[in-house]
Amino acid sequence: MKLKIDGKTKIYGVIGDPIGHSLSPAIHNMAFRKLGLNAIYLAFQVKSENLVRAVEGFKALNFQGFNVTIPHKTSIMSLLDKVDPLAEKIGAVNTVKNVDGKLFGYNTDGLGALQALKKSKVKLDNKKIVLIGAGGAGKALAFTFANYAKEMVILNRTEEKAVKLSKTISENFSLQVKGLKLNYENLRNELKNADLLVNATSLGMYPNVDKTPVDKNLINQNLVVFDVVYNPLKTRFLKEAEEKGAKIVNGLSMFIYQAVEAFKIWTGLNPPVKTMFKVALKELKHRK
Ligand code: NAP
């Protein structure tokens with residue numbers, strides 16, 4: 001179906017800073033077209049000092065919903081009328097829905113990651129997970145994976161954040177969990193008997209493509225290695241893990257599935273996942 005804009009067009013979007021490289025407009029607009037919905041999705045660069053006014057404007061203009069990305073995922077929360085309990089615990093919101101002028105916040109990142117692993121036939125039940133990163137993505141993944149794993153080790157550059165997150169997880173779940181500083185020694189000790197190794201930091205993301213969170217000599221073929229970074233599609237971390245014989249899962253799948261969950265929250269409909277993948281891959285290719 002062709003793009004049609006008229007007086008009834010529903011408006012959605014994403015706010016962040018920077019935002020120019022977002023893949024979200026491409027995949028959501030395609031999904032709207034494919035399902036024949038009279039809706040449009042736009043990207044808005046919103047500086048932190050303008051967040052309050054931007055959200056007021058969205059409400060006043062009756063935007064139907066929007067995604068939230070770096071650096072607003074936490075600061076948006078106090079501006080919403082209600083935050084879903086999971087997003088509240090995570091301390092970050094990536095999806096907002098406008099219901100009759102009231103804004104409801106959700107976090108679909110964890111579900112996106114879970115679905116991405118499921119599609120790659122990776123099971124988390126009774127597994128030991130080594131999770132690198134305790135920022136917004138790290139927290140979402142920790143809260144989601146803790147429902148399944150037997151053991152979790154969270155490593156972060158800023159150690160206090162890893163320790164704090166591990167305490168919150170242990171208060172909410174029954175698995176064995178600890179927070180450590182991200183360094184070679186701790187990785188070496190923890191990776192020996194781990195099943196899943198996850199990068200939930202921005203290390204390796206374009207343009208810093210030569211960065212990686214883990215020395216490749218610490219990666220073994222028994223690991224599943226998952227990177228939340230999706231630009232580039234195959235990060236240095238994933239390339240080296242593959243060289244070491246590990247099964248790898250890239251961040252694009254998580255990105256698509258977090259968008260699928262957001263789309264469902266907004267419209268109650270299932271978007272065309274395969275076409276979303278195609279569009280996202282095409283977009284990423286054009287950027288090289
Ligand atoms: P965030 O809240 O700003 O957290 C950033 C994390 O990266 C923190 O753990 C931070 O450690 C760590 N970090 C940053 N630079 C580092 C460095 N040089 N060395 C070691 N650690 C470093 O950001 P976020 O929202 O969690 O996002 C993290 C990444 O996930 C981004 O690349 C984002 O694009 C990606 N992401 C992907 C998806 C997806 O759907 N695939 C969804 C969400 C996010 P400190 O605490 O020490 O600063």
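A backbone N or O atom of Gly 135 lies 3.4 Å from an oxygen atom of the ligand in this predicted model, a polar contact here being a pair of N or O atoms within 3.5 Å. The table sets this pair beside two others.

| Residue and its atom | Ligand atom | Distance |
|---|---|---|
| Gly 135, backbone N or O | oxygen | 3.4 Å |
| Thr 158, side-chain N or O | oxygen | 2.5 Å |
| Gly 251, backbone N or O | nitrogen | 3.0 Å |

The ligand is surrounded by 24 residues, and the closest are Ala 137, Asn 156, Thr 158, Lys 161 and Val 228; a residue counts as near if one of its heavy atoms lies within 4 Å. By class, this shell has 11 nonpolar, nine polar and four charged residues, where Asp, Glu, Lys and Arg count as charged and Gly is among the polar ones. Helix H5 (136–145) and helix H9 (251–267) each supply at least two residues of the shell, and the largest share, four residues, comes from H9.

In the chain there are 10 helices and 12 strands, which are DSSP runs of at least four residues (H or I) and at least two (E), respectively, numbered from the N terminus. The C-alpha atoms fill a box of roughly 60 × 40 × 35 Å along the principal axes.

Residues are numbered from 1 along each chain as its sequence is written. Local features need pLDDT of at least 70 and side-chain atom pairs count only at pLDDT 80 or more, whereas totals for chains, interfaces and linings use all residues, and side-chain values use heavy atoms, leaving out hydrogens and water.

How values were computed: A polar contact is a pair of N or O atoms within 3.5 Å; within protein, one must be able to donate a hydrogen and the other to accept it, and residues adjacent in sequence count only if both atoms are side-chain atoms.
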